[in-house]
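User: Could you walk me through the charged side chains in this one?
Analyst: Gladly, here is the model to look at together.

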Amino acid sequence: MKHIQLACILIFFGIGSVTASIRNDAAATVVIDHLLDSAEDVAGTDEVLATQLVQRAEEYAKNLGLDFEYARAQFSKGYIKQVNSGGEIGVVSYFNAATLLEDIDSQESKRLSSVTHKNIAKIFSSYFQYDKAIEHYHKSYLFAKEIDDTELERSALYFKARALRKKGEYLLAIDDMFEASEIALEEEDFTFLIKVNNQLGLLFKDVGDYEKAIEHYFEVFVYKNKNVKIFPSYAGRSYHNLANIYLLQGDYEKAEEYFLKSISTRLEANIPKSTFYSYMDLAELYARQGKLELAEEFYQNAIDLEVAMKGKPDKFKIYKQMADLAILQNNVEMFMQHSGEYTAFLEKDLFKNIEVTQIEQQNTINLVTERYYQLMEAKQREEDMRQLGIWVAIISLLSLASYITFTKVRAYRNKKLLEKELKEVMVDLNLDDL
């Protein structure tokens, strides 16, 4: 990373001399692309430097009239904010980029349009604005399809399906996920196929088709020997999901078997955050079965992983479950201990409650996008007024020109009439009579 930053700094300070020597668009494009590539490389580690690089690239592109590079600079500004948890601000720059790209008809502009709309959609999705997210994922898909970029096509479909699932539109989500799967099958992208099958398993569980869900979870293991990176992570997730399906079906024996497989796989892959949930869910299963000592053991295993609880209600509810277990064990002391721990986490999380956070985030993104569209409308009205002013000026000038012309013509006609009358008088006039 250091050598990337050094390269960025050299580019930044060297741009002045480069600007003086570049005289053609091709060379200028190379420099601007280099600036923007470098900015995006360091966006997550040095926001200040990344911003400076983009500003120089933006200024350079604007001065040279390079429309695509200028639009890409707007995209980079949005990207920098997005990777630094400022999506609600970054979305404005993305909108600017999308608007500018609409006027550029090229393969690269359409590809960037697809990526831009996908990033806008991700921001809306992170702020629980699923309708808008779905709209922009669809736009991303259409741009990708237009240029036949299958990687972007399947990505847009995949994330659109996930947004549809969160909105509760499961059947539409299944259709999109299958379409993404077909594209990935043609390209033999096994990692992507694993992700799709895990998502299809979740979707079929949502609609109550447990057999289909199990089928897709097992489909993940077809790709075990396909040189997929971090396969144990995907395998652990599938085992855990299978256990939950068997739990829903009331098959406790299989549920226990697959929870244990998930724990073993996740421990081997050194994924404590995920292992925590497998320990917790298995402990709950044992508690349901009345295996109280096993339940206590696995709850404690989860706690011993020392996974951070802050702001994670789904994690610190483990203390409530341990308190409930203590009641079943008639252990008042343990009940008081775990109830106190659970209450303490609730109090700490009081002002970060997930529902409050969602509402605040929705209001924030709505406010930002509303202000953006108001600004766009104001700019459009300003442009309309400017155009109207031009037409009024043209009409005024034409009217003035017409009036001047009419006046001259009238004066000329009057002059000719007067000359004619004078000639007639002179003919009739007898000078000898004078």
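**Salt bridges and charges**

Analyst: E135 and K139 meet through their side chains in a salt bridge, at 3.6 Å from N to O, where the term stands for a side-chain nitrogen of Lys or Arg within 4 Å of a carboxyl oxygen of Asp or Glu. This is a predicted model, in which local features need pLDDT of at least 70 and side-chain atom pairs count only at pLDDT 80 or more, while totals for chains, interfaces and linings use all residues. Residues are numbered from 1 along each chain as its sequence is written, and side-chain values use heavy atoms, with hydrogens and water left out.

User: How many salt bridges does that rule give?
Analyst: The count comes to 17 salt bridges.

User: Which residue does D37 pair with?
Analyst: D37 forms a salt bridge with R72, with the closest N and O atoms 2.6 Å apart. The pair links distant parts of the chain, 35 residues apart, with D37 in helix 2 (residues 25-42) and R72 in helix 4 (residues 67-83); helices here are DSSP runs of H or I with at least four residues, numbered from the N terminus.

User: And R72, buried or exposed?
Analyst: R72 counts as buried because its relative accessibility is 11%, given that buried means under 20% relative accessible area, exposed over 50%, and partly exposed in between (1.4 Å probe, protein chains only). D37, at 38%, counts as partly exposed.

User: What network is R72 linked in?
Analyst: Salt bridges link R72 in a network with D33, D37 and E40.

Key:
Helices (H or I, at least four residues) and strands (E, at least two) are DSSP runs, numbered from the N terminus.
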